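This report goes through some features of a structure, from a whole chain down to one residue. Please keep the sequence and the model at hand while reading.

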Amino acid sequence: MTQPVFWGLVGMALVVMGLYALIVHAHLLRKVLALNIMSSGVFLVFIGLARRAPGEGTPPAADPVPQAMVLTGIVVAVAATGLALALIVRLRALTGRTTLGDEGGH
Amino acid sequence: MTEPQHRPGSGRQPASDGAAASGTSRAPEALPPLARVLLALALLGLFGGLAAAVLSLAQPAPGLAAAVAERLDESGVSHPVTAVLLNFRGYDTLLELVVLVLALMGTWSVGRARGCAGNAPGPLLRQLPGLLAPLMVLVAGYLLWVGAHAPGGAFQAGSLLGGVGILLCLSGRTLPPWAQRPSLRVLAVLGVAVFTLLGTVAALLPGGAPLDWPPAQAKTLILTIELAAMLSIGVILAALFTGGRP
Amino acid sequence: MAGLSLLDWALDGLLALLLLWLAWRALASPELFRAVVLFIAFGLVLALVWARLYAVDVALAEMAIGAGVTGALLLAALVRLEPPIGRGRQDARDGEVYDHD
Amino acid sequence: MPLQLLGPGGLGPDLLLAAVFLPLAAALVCFLLPRLAATLGLISALLTAAATLALMLGVLAGGGMEVQLGGWQAPLGIRWRSDGLSAALMAMTAVVGAMVSLYAAAYFRHTAYERTYFWPIWLVLWAALNALFLSADLFNLYVTLELLGFAAVSLTALGGGAAALTGAIRYLLVSVLGSLAYLLGVALVYHGCGTVDIALVAACVPDAPRPALKVAVAAMIAGLLLKTALFPFHVWLPPAHGSAPAPVSAVLSALVVKASFYLVLRLWLDVLGGGDGDGSGRWLAELLGVLGAAAVIWGSVLALRQARLKLLIAYSTVAQIGYLFMAFPLAVAGGAAAWTGALYLALAHGLAKAAMFLSAGSLLRFGGHDRIAELDSAVHRLPLTLTAFALAGVSIMGLPPSGGFIGKWLLLEAAFQQGRFVLAAVILLGGVLAAAYVFKVVGHAFTPAERERRLRSVPPGMEWSALLLALAAIVLGLTLPLISPLLQVGTDAAVAPPVSAAVALTAGGAV
């Protein structure tokens with residue numbers, strides 16, 4: 001196993017862990033956390049595997065295109081988190097609920 | 001976090017909510033144990049498939065590092081990531097800025113800002129911004145400028161500015177009058193507006209295409225866009241923190 | 001990649017274990033506040049991983065946005081979702097009415 | 001204006017630019033000037049619609065168009081590519097968008113707060129749709145998907161109540177999850193092929209590492225199915241579509257779910273070359289067909305059981321999405337006409353479903369509720385709205401001469417030719433069930449009023465926009481000769497090598 005494949009596997013593990021937590025937890029803040037960890041995993045797959053190509057220069061720089069894409073992804077993730085949290089806080093203020101209310105607990 | 005408040009009527013909440021609200025109990029879980037085991041097994045299988053995909057990717061890798069390096073001198077900047085973000089794939093970055101503005105619109109449409117996290121700030125929090133904020137603004141400016149030839153750029157700089165906003169908010173300071181509603185909106189859309197405007201002008205030049213920066217002006221254009229984008233990102237992230245419209 | 005020394009592997013392995021452990025604790029921690037703090041720590045370790053993979057831009061962004069701003073957003077939301085004792089007034093301040101259904 | 005002017009050499013590229021940048025810029029202006037949002041929003045919506053329709057005429061006359069954003073060739077840069085498939089969907093978006101804008105101008109007249117946020121977010125949503133239909137870059141498509149999802153979620157939350165918020169949050173979680181699955185696929189594709197340009201990826205597919213490619217395709221399609229709400233991923237749709245304000249429900253049901261369906265189709269045709277490369281493509285098509293058939297039955301039955309009008313219409317969307325996926329097994333087995341049928345259904349459903357939701361919004365405004373059993377005597381007060389609903393119902397049922405009829409007919413023909421009688425039976429049964437739920441509503445609307453209620457007037461703009469959309473769904477059935485060549489532009493890719501193969505060659509040489 002090489003270093004890129006290693007980090008690719010770690011990324012996939014994070015994706016699966018996040019997915020498990022997303023399904024299992026009812027609390028919406030935990031679902032947001034789970035999605036954030038999933039997206040970190042996807043980014044790790046994206047950047048980790050990019051190290052397979054022999055880099056140029058010293059230190060060998062990573063492929064800039066996946067880096068740019070992951071930067072975009074990080075910003076999208078924080079936007080999603082902000083929007084989700086605003087909606088969740090509003091739901092809590094309106095109903096007192098911090099879950100979707102139709103799963104678990106009933 | 002101290003003991004959560006027990007609200008009247010919480011007895012009628014779903015049990016999972018009650019568990020979530022009381023910090024001492026187990027993490028709330030929506031599924032019965034058997035379903036969780038089955039789910040874990042299924043996800044283990046999913047991980048197997050994903051791992052197989054990763055393992056099957058051959059070496060050496062195809063990639064665009066060489067293609068970027070080849071055209072780097074036409075991009076106006078010497079840092080490859082900035083060249084990709086603001087020139088080669090600048091359109092992605094434009095849409096990403098729109099995503100941020102949209103998140104702001106969505107957040108504002110939901111309700112009013114409810115102040116920063118609430119607590120009356122302690123002495124540390126009141127003093128901290130006075131020391132940290134100028135330093136952070138300085139670092140943000142440096143990151144923006146250095147992005148042309150080394151790691152850094154509008155996003156890192158903008159998020160630092162956002163951090164400044166969050167600190168100021170936490171320290172209980174209010175925005176100066178000039179930064180109230182209308183100019184807040186202007187700053188929030190500035191990045192997208194400048195990017196769109198320049199991109200459209202570039203398309204209308206003879207032989208041009210949308211977002212096609214002429215190599216001679218590319219560096220100026222990119223820095224202009226980055227400056228506007230940094231301000232927008234900072235303002236939007238800080239505004240998202242307050243959780244609603246001002 | 002071929003010249004990866006044993007030390008490199010040890011460092012990679014350590015970082016990966018730390019990352020996975022923090023992720024797991026952040027997702028499973030019974031206390032929400034602790035979960036969020038662990039998530040911020042996860043973001044900081046992830047920034048180290050990016051730096052280790054020579055993605056310095058991503059490392060900077062992860063530290064500032066992934067750990068910093070996202071962490072701040074989560075903490076702020078946590079306070080609004082679960083106001084501690086004695087601070088219930090804040091919820092009523094905006095004139096919003098709770099209808100516990 | 002001569003049609004040549006609209007084609008590749010003339011104004012064509014500028015029209016592509018206008019289709020994305022015009023609504024985007026207008027959204028910013030509406031956000032900055034909240035007081036003028038409604039006026040500016042309506043004007044720019046009509047301009048966007050005009051530009052998009054001109055673009056469709058240009059594609060009809062001169063074939064596909066391409067723009068290299070930033071002037072960089074793929075794989076370094078991002079391409080916009082407009083072909084028949086995307087032009088047809090953009091044109092449908094333009095018609096629905098213009099009518100929804102007219103409707104919204106009247107609908108939000110007295111709600112200043114919703115109005116100031118509806119217009120900018122709706123215009124961003126429109127820009128995102130056009131950007132999605134034009135993009136030929138897998139990663140850029142991810143960004144447009146996120147943009148579309150966030151806009152749709154924000155609009156859903158505009159309803160304000162607990163139901164709307166819950167629907168919006170569930171929608172957001174599902175949407176982000178779907179996008180992440182799609183992005184994971186894009187990451188694997190990039191590392192398998194070293195590019196994310198659709199044409200270049202298509203050229204690389206035969207040589208790409210198999211497991212990585214299969215997992216990538218599976219992840220991308222799974223994510224998109226989640227977003228397009230194909231059975232069994234549909235549970236998030238009815239609460240979101242049923243609780244949003246009426247113009248928003250119309251946009252979500254008519255346009256937003258179509259975008260992810262379009263992307264599945266695009267991947268299938270342009271990246272996988274029609275999916276009959278090896279056995280697994282056929283297997284996947286059969287799976288999609290089975291899920292589609294299940295969606296038709298399940299969605300229709302649930303629609304029939306709803307007591308609230310907007311939920312009925314939302315479940316009908318679940319059913320109609322199913323038809324689109326039933327085309328996959330039929331088309332892979334050699335019936336290219338099945339693609340035309342699916343596209344016809346997508347277009348007809350977009351027009352008809354928007355008309356239905358807009359009518360429902362008028363009925364809701366009129367009576368203050370949308371309980372089907374209490375719609376009595378609506379026909380006397382709102383004849384135009386009821387006509388719109390019934391005409392839209394004709395297209396949803398698939399009766400001649402509507403657009404829905406043509407689509408279902410093409411699918412049925414393909415099913416009978418291939419001896420797929422079970423699929424044919426599902427297509428027919430879905431029509432019968434649709435007739436049942438449409439008549440359930442119309443029947444209640446014709447019963448005489450039993451008691452007096454407080455009733456509100458409905459502005460003519462709300463009634464007429466719904467009626468025009470419903471008429472468009474009917475007229476669509478009469479325009480087969482006009483529209484069929486447009487859809488051929490898209491389906492050519494399935495039969496012949498991709499139009500952009502030339503681009504792939506030149507770009508491949510450049511690397």
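Two residues are in contact if their C-beta atoms, placed from the backbone, lie within 7 Å. The model is predicted, so local features need pLDDT of at least 70 and side-chain atom pairs count only at pLDDT 80 or more, while totals for chains, interfaces and linings use all residues. Residues are numbered from 1 along each chain as its sequence is written, and chains are lettered from A and ligands numbered from 1 in the order in which they are written.

In chain B, among contacts between residues at least 6 apart in sequence, 73% join residues at least 24 apart. Chain B has 9 helices and 0 strands; helices (H or I, at least four residues) and strands (E, at least two) are DSSP runs, numbered from the N terminus. Of its 246 residues, 50% count as buried. A residue is buried if 20 or more other C-beta atoms lie within 10 Å of its own, exposed if 12 or fewer, and partly exposed in between.

Helix H2 of chain B covers residues 33-56 and reaches 35 Å from its first C-alpha to its last, close to the 34 Å expected. The expected span is 1.5 Å times one less than the number of residues. Its buried residues are B:Leu50, B:Ala53 and B:Val54. What covers them includes H1 of chain A and, from chain D, H7 and H9.

Chains A and D also touch: 28 residues of chain A are in contact with 22 residues of chain D. On the side of chain A, H3(A) gives the most, with 15 residues.

In chain D, H6(D) and H7(D) pack at an angle of about 175°, with their axes 9 Å apart. Axes are lines fitted to C-alpha atoms, for helices over the stretch in contact, and angles run from 0 to 180 degrees between N-to-C directions. The two helices are therefore roughly antiparallel, a term for angles over 145 degrees.

The table gives the classes of residues in two contacts. Ala, Val, Leu, Ile, Met, Phe, Trp, Tyr, Cys and Pro count as nonpolar, Asp, Glu, Lys and Arg as charged, and the others, Gly among them, as polar.

| Contact | Residues by class |
|---|---|
| Side of chain A that touches chain D | 21 nonpolar, 5 polar, 2 charged |
| H6(D) with H7(D) | 16 nonpolar, 5 polar, 1 charged |

Finally, D:Ala434 is found in helix H18 of chain D. D:Ala434 is buried, with 26 other C-beta atoms within 10 Å. Beyond its neighbours within four places in sequence, D:Ala434 is in contact with D:Ser300, D:Ser316, D:Ile396 and D:Met397.

Conventions:
Parallel < 35°, antiparallel > 145°, perpendicular 65-115°, else oblique.
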